[in-house]
Amino acid sequence: MQRVRLRYTKRGRLRFTSHRDFQRAFERALRRSEVPMAYSAGFTPHPRVSYANAAPTGTASEAEYLEIALAEPREPAELRARLDESLPTGLDIVEAVPARTGDFADRLAASVWELRLDGVPVATARQAVAVFLAADEVMVRRQTKKGIRDFDARGAVVSLTADEGGSDRPGSAPCAILRLVVRHTTPAVRPDDVLSGLRATADLAPPVPAAVTRLAQGPLDEETGTVLDPFAPDRDAAQAAFATAPGQSPAAAPGAAGQ
């Protein structure tokens, strides 16, 4: 059985696709592409697909991940292309690697988010960010599966900055861009929780809902505060295996498939 890990995106209007909607669309793409899926055992077998840490509905993302198990081996580049053709534009399969290492979900330890605040001057956003970061804790309230919960939105934030951005709206309205790096905790601290914290600590209230995009997720480098590529260990393992194969050289090792 071959396992392949895929990175996919949610762009444009498809950011409003729920995780369940994507699951249905992806399973249709598997059938259309005639992917030789491995199935679970039991009375109701289903394709062996594992989804990891899906973004909330309404947020765009450049870094969503899943893993599939195949009954027959396939080239990751060909598999990526066939699946991408079978999905609507906006739900795009952009990268595929053979799964050569374990504990992939554990690597998704942090995310990088971009929050576009139309109508908010950058000076106002920077002042609010400074107040938020200076706080020891910022308690927010959110409805969860276990009911209303209060939790600290500040503790999970690795970094938060504000910069000038171009507004998507007519006229010359100001626009601030927040760049947020947040650890994956339980309960998860989401971008809207940080916005609630900015409202609570600094009375920052954007006149229109923020446009939120996940730019990356993966291992967190604690020294630099950057989020690393979660596919890197699989690429390294594939290169090492290729290099030690008879008659091969490290320079010819295959990389990941992407567009």
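## Around Leu178

Leaving aside neighbours within four places in sequence, Leu178 is in contact (heavy atoms within 4.5 Å) with Trp113, Glu114, Leu115, Leu117, Ala125, Val129, Leu160, Thr161, Ala162, Leu195 and Leu198. The structure is a predicted model, in which local features need pLDDT of at least 70, side-chain atom pairs count only at pLDDT 80 or more, and totals for chains, interfaces and linings use all residues. Residues are numbered from 1 along each chain as its sequence is written, and side-chain values use heavy atoms, with hydrogens and water left out.

## Nonpolar cores

Leu178 is also one of the residues with the most contacts inside the largest nonpolar core, together with Leu160, Leu180, Val194 and Leu198. This core has 27 residues. A nonpolar core is here a set of buried Ala, Val, Leu, Ile, Met, Phe, Trp, Tyr and Cys residues joined through side-chain atoms within 4.5 Å. Buried stands for under 20% relative accessible area, exposed for over 50%, and partly exposed for values in between (1.4 Å probe, protein chains only).

A second, separate core has 20 residues, among them Val4, Val49, Leu83 and Ile93.

Glu64 lies in strand β3 (residues 60–70) and Arg214 in strand β10 (residues 211–218), so the pair links parts of the chain 150 residues apart. Glu64 is buried at 1% relative accessible area, and Arg214 is buried at 2%.

Arg183 and Glu222 form a salt bridge with an N to O distance of 2.9 Å. Arg183 is in strand β9, while Glu222 is in the loop between β11 (220–221) and β12 (226–227), 39 residues apart. Arg183 is partly exposed at 29% relative accessibility, whereas Glu222 is exposed at 54%.

## A further pair and a network

In the salt bridge of Asp229 with Arg235, the closest N and O atoms are 2.4 Å apart. Asp229 is partly exposed at 34%, and Arg235 is partly exposed at 25%.

Salt bridges also link Arg3, Arg5, Glu67, Arg107 and Asp234 in a network.

Note on methods
Helices (H or I, at least four residues) and strands (E, at least two) are DSSP runs, numbered from the N terminus. A salt bridge is a side-chain nitrogen of Lys or Arg within 4 Å of a carboxyl oxygen of Asp or Glu.
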